[in-house]
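Please keep the sequence and the coordinates in view while reading.

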Amino acid sequence: MTFQTNVRRATSYQSIEKNSRVLSANPYDLVSVLFAELRDSLDVMIESARRNDHGKMFQYRAKALAILNGLDEALDFEAAGELAQTLHTIYREAGRRIQADIGVSFIEKAESAREMLHEIEKAWLAIRPH
């Protein structure tokens with residue numbers, strides 16, 4: 001087997017494992033998976049921007065924005081009230097920073113968005129239901 005074949009198989013196995021986690025997840029775990037995917041996408045996006053790999057950077061920016069949009073759309077404003085509104089505002093600001101023009105301050109804005117969202121992820125993980 002070649003190295004490329006091994007990489008493709010490993011990627012395939014990771015995808016299957018991730019899909020299995022999503023299909024069997026309760027709502028809490030599903031949001032946890034989304035936060036992890038969002039964090040990973042932002043990490044790759046930022047690293048790609050640092051390397052001037054704009055194709056990969058745009059690919060992962062789109063993925064991060066799609067996940068962020070999904071988290072935002074899942075907010076229950078009726079049940080969560082002010083908390084949902086606060087999260088909506090944070091998600092909107094993070095999205096604005098992620099979509100910043102490529103330039104001198106792009107990486108800084110993207111990192112600040114990643115940090116904002118990481119704080120929400122940490123809080124989410126801290127309230128794990130028993």
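Two residues are in contact when they have heavy atoms within 4.5 Å. Among contacts in the protein chain between residues at least 6 apart in sequence, 60% join residues at least 24 apart. The model is a predicted one, in which local features need pLDDT of at least 70 and side-chain atom pairs count only at pLDDT 80 or more, whereas totals for chains, interfaces and linings use all residues. Residues are numbered from 1 along each chain as its sequence is written, and side-chain values use heavy atoms, with hydrogens and water left out.

The protein chain contains five helices and zero strands, which gives the order α-α-α-α-α from the N terminus on. These elements are DSSP runs numbered from the N terminus, with helices (H or I) of at least four residues and strands (E) of at least two. Of the 130 residues in the chain, 26% are buried; here buried means under 20% relative accessible area, exposed over 50%, and partly exposed in between, for a 1.4 Å probe and protein chains only.

Helix α2 covers residues 27–50 and has 24 residues. From its first C-alpha to its last it reaches 35 Å, close to the 34 Å expected at 1.5 Å a residue, where the expected span is 1.5 Å times one less than the number of residues. At the N-terminal end, N26 caps α2, with a side-chain oxygen 3.0 Å from the backbone nitrogen of Y28. Y28 is itself among the buried residues of α2, which also include V33, L38, M45 and A49. An α-helix has 3.6 residues a turn, so residues three or four places apart point the same way.

S32 also lies in α2 and, at a relative accessible area of 14%, is buried. Leaving aside neighbours within four places in sequence, S32 is in contact with W124 and L125.

After α2 comes N52, placed in the loop between α2 and α3. N52 has a positive phi of about 60 degrees although it is not a glycine, and its relative accessibility of 56% makes it exposed. Helix α3 (residues 54–73) holds N69, which is partly exposed at 39%. N69 and R92 are 23 residues apart along the chain, and their C-alpha atoms are separated by 8.7 Å.

What spaces does a search of the whole structure find? It finds one cavity of 30 Å³ or more, and about 40 Å³ of space lies in the largest cavity. On a 1 Å grid over the protein atoms alone, a cavity is a set of points where a 1.4 Å probe fits but cannot get out, and a pocket is an open set with protein on both sides within 12 Å along at least five of seven lines; lining residues have an atom within 4 Å of a point. Grid points are joined across faces, edges and corners, and a volume is the space filled by probe spheres set on the points.

The largest cavity is lined by F35, L38, R39, L42, R114, L117, H118 and E121, with α2 and α5 (106–126) each supplying at least two residues.

The largest pocket has a volume of about 430 Å³. Of its 19 lining residues, V31, L75, L87, Y91 and W124 are the closest to its centre. Two or more lining residues come from each of α2, α3, α4 (77–98) and α5.

Terms used:
Polar contact = N/O pair within 3.5 Å; in protein donor to acceptor, adjacent residues only side chain to side chain.
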